[in-house]
Each structure stands twice: as structure tokens, then as C-alpha cells.
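Here are my notes for a first look at this model. Have the sequence open beside the structure while you read.

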Amino acid sequence: MMRTITVKGVGNVSAKPDYISISMTVESAENDYDKAMDGAARRIENLKAAAVSVGYEKEALKTISFNVETRYENVKDCQGNYKREFAGYACIYRLKLAFNFDSKQLAKVISAIASSEANPELSIAFTVKNPAKVSEELLTSAAQNARAKAEILCKATGAELGQLISIDYNWGELNIISRTNYEMEDCLMPLSAMNKCCAPEIEPDDIDVSDSVDFVWEIK
């Protein structure tokens, strides 16, 4: 009967953020469907104009998702009973603008968005432009870690490490995002004022990512 050893290899990689991703959510709610759609469309055009004003093409603003919801609310009647009544439509766009890391440019983009009257909900993430490279480094680190553990265990028990039999890896999506939070109040000023003052300089925290892979070797 073949003897085996199963080892979990843990990979750790630290990456410097070089990319910024701004997520924006725009919602327009109206009793009339067409008005809800028109309101959302106007706000999207305002966001595109804001992007153009700081040097981007309209196409740089990518749509992540779009949906229309029917809204209802609970209304109390004269007998004190609640019933659901139609409250209108909500048109919701989720968009993204991503660009190379530049804290001054980030401040200008946020300022332009704030001046656009689109009033989106914003979320800013510091990430990497090439996540596939980080993933590759992570798996290499995990494989090296697993083999080192297997060799230590074999040496300690007088066994010999044989051929690799199997690899078990869960191909889930990695969260390659810095823990740094960017508070936007400091840069919500007109672009004219932004040109006369220093935008906040920031250095996002490095991105620490870890992952694991299970390896099975034959031992002799």
C-alpha cells in the first residue's frame, strides 16, 4: 500500500498598491418609470462630464450593474391596519472609474464628482493593476512552503519524499485591496480651489494577501 503525506502550503505576498478603483452608485426614485430612468440618465451624464473634466474619456466610466426596482411601503389605513402600497420605481446604476495610483489625481476626480450634482455613493479602493501577477506569486509561495514542510517532516521521520500525487486548490477570488481608508471630506472642494492648494498626499498601506493549497506526496 502506498504511503502518502498531505501538507497544506500557505503562501504570503505583500504588494504595493499601484491602482485606484472608485465605485459609484447612482439611484433615481420616482413614481413614474420614465421619470426614474430620465433622472438616472441625467446623473450618469453628469458623472461622465466630470470624468472628462479631469482628463478621462467618457468610456472610462464603466457600468458594473444596472437594475430597476419597484418600491412599496406599508401604509396604515383608517382602521389601523397596515397594507402595502406601490411607492414608485428606483433606477440604480453602479459604475467604476479606475486609474493608475496618483493621490493628487484622485483628489481632483473626487472634487469633480462632488461638483457634478450626480450625488453618487462612493467607495474607494487601493489595489493592483495586475492581480494575476500577485496570484501567481502567491501560489508559488504556497508551493514552496508546502514542499519545505514536507521535506522537514520526512527528514524528521526518516522517510524519503517521493513524487507529487495531487494538488487540491480552491480557485476563489482573492481580495487584493489595501486596508487604507480614504476619507473624502478633505478633498470635496471646487476644482478651481484644488488648483491653488496642495491635495492630500497619501501612501496606502501595502496589500497583504495569503492563500493555501493542499499537496499530497508519496513517501518512501
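1. Start with E151 and R147, whose side chains form a salt bridge with N and O 3.1 Å apart; the term means a side-chain nitrogen of Lys or Arg within 4 Å of a carboxyl oxygen of Asp or Glu. Both residues sit in helix α3 (residues 131-157), four residues apart, or about one turn of the helix. Helices here are DSSP runs of H or I with at least four residues, strands are runs of E with at least two, and both are numbered from the N terminus. E151 is partly exposed at 41% relative accessibility, and R147 is partly exposed at 39%. For these labels, buried is under 20% relative accessible area, exposed is over 50%, and partly exposed is in between (1.4 Å probe, protein chains only).

2. A word on ground rules. This is a predicted model, in which local features need pLDDT of at least 70 and side-chain atom pairs count only at pLDDT 80 or more, while totals for chains, interfaces and linings use all residues. Residues are numbered from 1 along each chain as its sequence is written, and side-chain values use heavy atoms, with hydrogens and water left out.

3. Now look at helix α1 (residues 33-53), where K48 and E45 lie three residues apart, about one turn of the helix. Their side chains meet in a salt bridge at 4.0 Å, N to O. K48 is partly exposed, at 23% relative accessibility, and E45 is partly exposed too, at 40%.

4. Which parts of the chain does the pair R179 and D205 link? The closest N and O atoms of this salt bridge are 2.7 Å apart. The pair links distant parts of the chain, 26 residues apart: R179 is in the loop between β6 (161-168) and α4 (191-194), and D205 is in the loop between α4 and β7 (207-219). R179 is exposed, with a relative accessible area of 54%, whereas D205 is partly exposed at 33%.

5. The whole structure has ten salt bridges. E27, E69 and R71 are linked in a network of them.

6. F66 belongs to strand β3 (residues 62-76) and is partly exposed at 39%.

7. Zooming out, the protein has four helices and seven strands, in the order β-β-α-β-β-α-β-α-β-α-β along the sequence. Its radius of gyration is 26 Å, well over the 17 Å that the globule rule gives for 220 residues, so the protein is more spread out than a compact globule. That radius is taken over C-alpha atoms, and the rule is 2.2 Å times the number of residues to the power 0.38. The C-alpha atoms fill a box of roughly 80 × 60 × 30 Å along the principal axes. Buried residues make up 35% of the 220.

8. Last, confidence. The average pLDDT (the predictor's confidence in each residue, from 0 to 100) is 89, and 92% of the residues score at least 70. Residues 191-198 stay under 50, and the model gives them 13 contacts beyond four places in sequence; a contact means heavy atoms within 4.5 Å. Where pLDDT is low, the predicted coordinates should not be read in detail.
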